[in-house]
Amino acid sequence: MGIRDSLAEISSRGEWEKREDTDVFCKTFSFTEIFPVFQGHFPGKPVLPAVVQCIMAEMTLEEMRNKSYRTEKIVQGKFLLPVVPPCLVQCIVASDAPWAKARLFVEEKEVARIEWVYYETEENI
């Protein structure tokens, strides 16, 4: 099972909302120590990798629009605090195609900011 598949499993158990009259989406992901990436990043001191946080933002946008996207480039990524399990990560995504911005929070503390350019794919999500 790949990272996107594992995240999809976590994502399907989470909650999401579309902020009223905006193109802003919010999704909550729940992580425990058994999430596969924690086994290698880092053994004994698990930290959620930055690449997984970027994938979470992309998946939030996909799920809210029911379309498949791929990242063309990460314009900026700031990873402010380590994300360690167990935790709930709130991912807030704002989009003005083809640009998107995400802010990730754990316990109301901002842990990451990501800005990226994306494009729609023909794949089904």
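The model is a predicted one, in which local features need pLDDT of at least 70 and side-chain atom pairs count only at pLDDT 80 or more, while totals for chains, interfaces and linings use all residues. Residues are numbered from 1 along each chain as its sequence is written, and side-chain values use heavy atoms, with hydrogens and water left out.

The protein chain contains 2 helices and 6 strands. Here helices (H or I, at least four residues) and strands (E, at least two) are DSSP runs, numbered from the N terminus. Read from the N terminus, the order of the elements is α-β-β-α-β-β-β-β. A contact means heavy atoms within 4.5 Å. Among the contacts between residues at least 6 apart in sequence, 62% join residues at least 24 apart.

The surface may be considered next. The protein chain exposes about 7400 Å², of which carbon and sulfur atoms supply 52%. Such accessible areas come from the Shrake-Rupley method with a 1.4 Å probe, and for residues only the protein chains shown count as cover. A residue is called buried under 20% relative accessible area, exposed over 50%, and partly exposed in between (1.4 Å probe, protein chains only). Of the 125 residues in the protein chain, 39% are buried.

Helix α2 spans residues 50-65. This helix has 16 residues and reaches 23 Å from its first C-alpha to its last, close to the 22 Å expected at 1.5 Å a residue. The expected span is 1.5 Å times one less than the number of residues in the helix. An α-helix has 3.6 residues a turn, so residues three or four places apart point the same way. In α2, 12 of the 16 residues are buried, and the helix is thus mostly covered. Among these buried residues are Val52, Cys54, Ile55, Met56, Leu61 and Met64. After the helix comes Asn66, whose phi is positive, near 55 degrees.

The term salt bridge denotes a side-chain nitrogen of Lys or Arg within 4 Å of a carboxyl oxygen of Asp or Glu. Lys27 lies in strand β2 (residues 24-31), so the pair links distant parts of the chain, 36 residues apart. Glu63 is partly exposed, with a relative accessible area of 29%, whereas Lys27 is buried, at 1%.

By the same rule the count comes to 5 salt bridges. Another of them joins Glu58 and Arg70, with the closest N and O atoms 3.8 Å apart. This pair also links distant parts of the chain, with Glu58 in helix α2 and Arg70 in strand β3 (residues 69-79), 12 residues apart. Glu58 is buried, with a relative accessible area of 7%, while Arg70 is partly exposed, with 22%. Glu58 and Arg70 are linked with Glu62 in a network of salt bridges. Glu58 is also 9.7 Å from Lys101, C-alpha to C-alpha, although 43 residues separate the two in sequence. A further salt bridge is formed by the side chains of Arg113 and Glu110, at 3.0 Å from N to O. Arg113 is partly exposed at 39% relative accessibility, and Glu110 is buried at 16%.

The structure also holds 5 aromatic pairs. Rings of Phe, Tyr and Trp (its six-membered ring) pair if their centres lie within 6.5 Å; planes under 30 degrees apart count as stacked, over 60 as edge-to-face and the rest as tilted. The rings of Phe29 and Phe31 have centres 6.5 Å apart and planes at 20 degrees, so this pair is stacked. Phe29 is buried, with a relative accessible area of 1%, and Phe31 is buried at 1% as well. Ring pairs join Phe29 and Phe31 with Phe35 and Phe38 in a cluster.

How are the rings of Tyr69 and Tyr118 arranged, stacked or edge-to-face? The two form an edge-to-face pair, with 4.8 Å from centre to centre and 75 degrees between the planes. Because Tyr69 lies in strand β3 and Tyr118 in strand β6 (residues 109-120), the pair ties together parts that are 49 residues apart in sequence. Tyr69 is buried at 4% relative accessibility, and Tyr118 is buried with a relative accessible area of 4%.
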